[in-house]
Amino acid sequence: MNPTTQSKKFRDTLEREAAPYGVTLTTKALDRLTQYYQLLHHWNSRVHLVAPCSPQEFATRHVLESLVMVRHLPGNGSVVDV
């Protein structure tokens, strides 16, 4: 699958699945998350940042599941992923 197709599948999954996760994503957020996915996908084969998975699985398991907690953070809160 070429990178453009992967990015489209990732973004489409975010758009389709955000509401069931209780997550609202603006166009700007979708753009930035897609850029993040493209960057991570590019480097993952070199430095193994995450286990290989489909764009759809990455969107749900690595992005949307993490964003579920955002509504529980204070407005000026910070999060660190170790």
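Which residues is Thr 13 in contact with, leaving aside its neighbours within four places in sequence? They are Ala 18, Gln 56, Ala 59, Thr 60 and Leu 64. Contact here means heavy atoms within 4.5 Å.

First, the ground rules. This is a predicted model, in which local features need pLDDT of at least 70 and side-chain atom pairs count only at pLDDT 80 or more, while totals for chains, interfaces and linings use all residues. Residues are numbered from 1 along each chain as its sequence is written, and side-chain values use heavy atoms, with hydrogens and water left out.

Now the overall fold. The protein chain has three helices and zero strands. Read from the N terminus, the order is α-α-α. Helices (H or I, at least four residues) and strands (E, at least two) are DSSP runs, numbered from the N terminus. The C-alpha atoms fill a box of roughly 40 × 30 × 20 Å along the principal axes.

Next, the packing and the surface. Of contacts between residues at least 6 apart in sequence, 61% join residues at least 24 apart. Buried residues make up 24% of the 82 residues. Buried means under 20% relative accessible area, exposed over 50%, and partly exposed in between (1.4 Å probe, protein chains only). The accessible surface comes to about 6000 Å², and 55% of this belongs to carbon and sulfur atoms. These areas come from the Shrake-Rupley method with a 1.4 Å probe; for residues, only the protein chains shown count as cover.

Back to Thr 13. This residue is found in helix H1 (residues 3-17). Thr 13 is buried, at a relative accessible area of 2%. A polar atom of its side chain lies 2.8 Å from the backbone oxygen of Lys 9. Such a polar contact is a pair of N or O atoms within 3.5 Å; within protein, one must be able to donate a hydrogen and the other to accept it, and residues adjacent in sequence count only if both atoms are side-chain atoms.

Move on to helix H2 (residues 27-47), the place of Asn 44. Is Asn 44 buried or exposed? Asn 44 is buried, with a relative accessible area of 13%. A polar atom of its side chain lies 2.6 Å from the backbone nitrogen of Leu 49. Beyond four places in sequence, Asn 44 is in contact with Leu 49 and Val 50.

Then comes a loop. His 48 sits in the loop between H2 and H3. Its phi is near 50 degrees, a positive value in a residue other than glycine. His 48 counts as exposed, at 64% relative accessibility.

Ala 51 also has its place in the loop between H2 and helix H3 (55-67). Ala 51 counts as exposed, at 54% relative accessibility. Its C-alpha atom is separated by 18 Å from that of Thr 34, 17 residues apart along the chain.

Cys 53 belongs to the loop between H2 and H3 as well. Cys 53 is partly exposed, with a relative accessible area of 26%. Not counting residues up to four places away in sequence, Cys 53 touches Phe 58 and His 62. From Cys 53 to His 72 the gap is 19 residues in sequence and 28 Å in space, C-alpha to C-alpha.
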